[in-house]
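The following exercises concern the model displayed below. Each task is followed by a worked solution in steps.

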Amino acid sequence: MGISDIETDAPLFGEGLGLDSIDALQLVVGMEKAFGVVVPDAETGNKVFRSVRTMAEFIAEHRK
């Protein structure tokens with residue numbers, strides 16, 4: 001699977017891309033380092049990490 005195969009609205013976890021909790025942690029750390037964006041809690045994380053689109057929208061709104 002390449003980058004072009006990833007649908008922006010596909011779920012990141014479960015039957016979508018199949019990411020797990022380790023992947024989620026890496027996404028949180030990567031977003032903070034690359035964009036200065038902090039995911040403050042699990043509830044927010046559940047919304048942010050639904051899809052590539054929701055993650056990109058969160059970064060665009062909170063980028064420093």
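## Exercises on a predicted model

**Exercise 1.** Leaving out residues up to four places away in sequence, determine which residues Val37 touches.

*Solution.* The structure is a predicted model. Once residues up to four places away in sequence are not counted, Val37 touches Met31, Glu32, Phe58, Ile59, His62 and Arg63. Val37 also belongs to the largest nonpolar core, which the next exercise examines.

**Exercise 2.** List the members of the largest nonpolar core and identify the element that supplies the largest share of this core.

*Solution.* Step 1: the core has nine residues, namely Leu12, Met31, Val37, Val39, Val48, Phe49, Met55, Phe58 and Ile59. Step 2: helix α3 provides the largest share, with three residues.

**Exercise 3.** Describe how helices α1 and α3 pack against each other.

*Solution.* Step 1: two packed helices are described by the angle between their axes and the distance between the axes. Step 2: helix α1 covers residues 21–35, and α3 covers residues 52–62. Their axes come within 11 Å and cross at roughly 35°. Step 3: the crossing of α1 past α3 is right-handed. Step 4: on the α1 side, Leu27, Met31 and Phe35 take part, and they meet Met55, Phe58 and Ile59 of α3. Step 5: the residues of this contact comprise six nonpolar, no polar and no charged.

**Exercise 4.** Locate Ser51, decide whether Ser51 is buried or exposed, and identify its contacts.

*Solution.* Step 1: Ser51 sits in the loop between α2 (42–48) and α3 (52–62). Step 2: its relative accessible area is 5%; buried means under 20%, so Ser51 is buried. Step 3: a polar atom of the Ser51 side chain lies 3.3 Å from the backbone nitrogen of Arg53. Step 4: apart from its neighbours within four places in sequence, Ser51 is in contact with Thr8, Asp9, Ala10 and Leu12.

**Exercise 5.** Examine Thr8: where does Thr8 lie, and with which residues is Thr8 in contact?

*Solution.* Step 1: Thr8 belongs to the segment before α1. Step 2: Thr8 has 37% relative accessibility and therefore counts as partly exposed. Step 3: leaving aside neighbours within four places in sequence, Thr8 is in contact with Ser51, Val52 and Arg53. Step 4: the C-alpha atoms of Thr8 and Val52 are 4.9 Å apart, although the two residues are separated by 44 residues along the chain.

Methods. Residues are numbered from 1 along each chain as its sequence is written. This is a predicted model: local features need pLDDT of at least 70, side-chain atom pairs count only at pLDDT 80 or more; totals for chains, interfaces and linings use all residues. Side-chain values use heavy atoms; hydrogens and water are left out. Helices (H or I, at least four residues) and strands (E, at least two) are DSSP runs, numbered from the N terminus. Buried means under 20% relative accessible area, exposed over 50%, partly exposed in between (1.4 Å probe, protein chains only). A polar contact is a pair of N or O atoms within 3.5 Å; within protein, one must be able to donate a hydrogen and the other to accept it, and residues adjacent in sequence count only if both atoms are side-chain atoms. Contact means heavy atoms within 4.5 Å. Axes are lines fitted to C-alpha atoms, for helices over the stretch in contact, and angles run from 0 to 180 degrees between N-to-C directions. A crossing is left-handed if the near helix is turned anticlockwise from the far one by less than a right angle, and right-handed if clockwise. Ala, Val, Leu, Ile, Met, Phe, Trp, Tyr, Cys and Pro count as nonpolar, Asp, Glu, Lys and Arg as charged, and the others, Gly among them, as polar. A nonpolar core is a set of buried Ala, Val, Leu, Ile, Met, Phe, Trp, Tyr and Cys residues joined through side-chain atoms within 4.5 Å.
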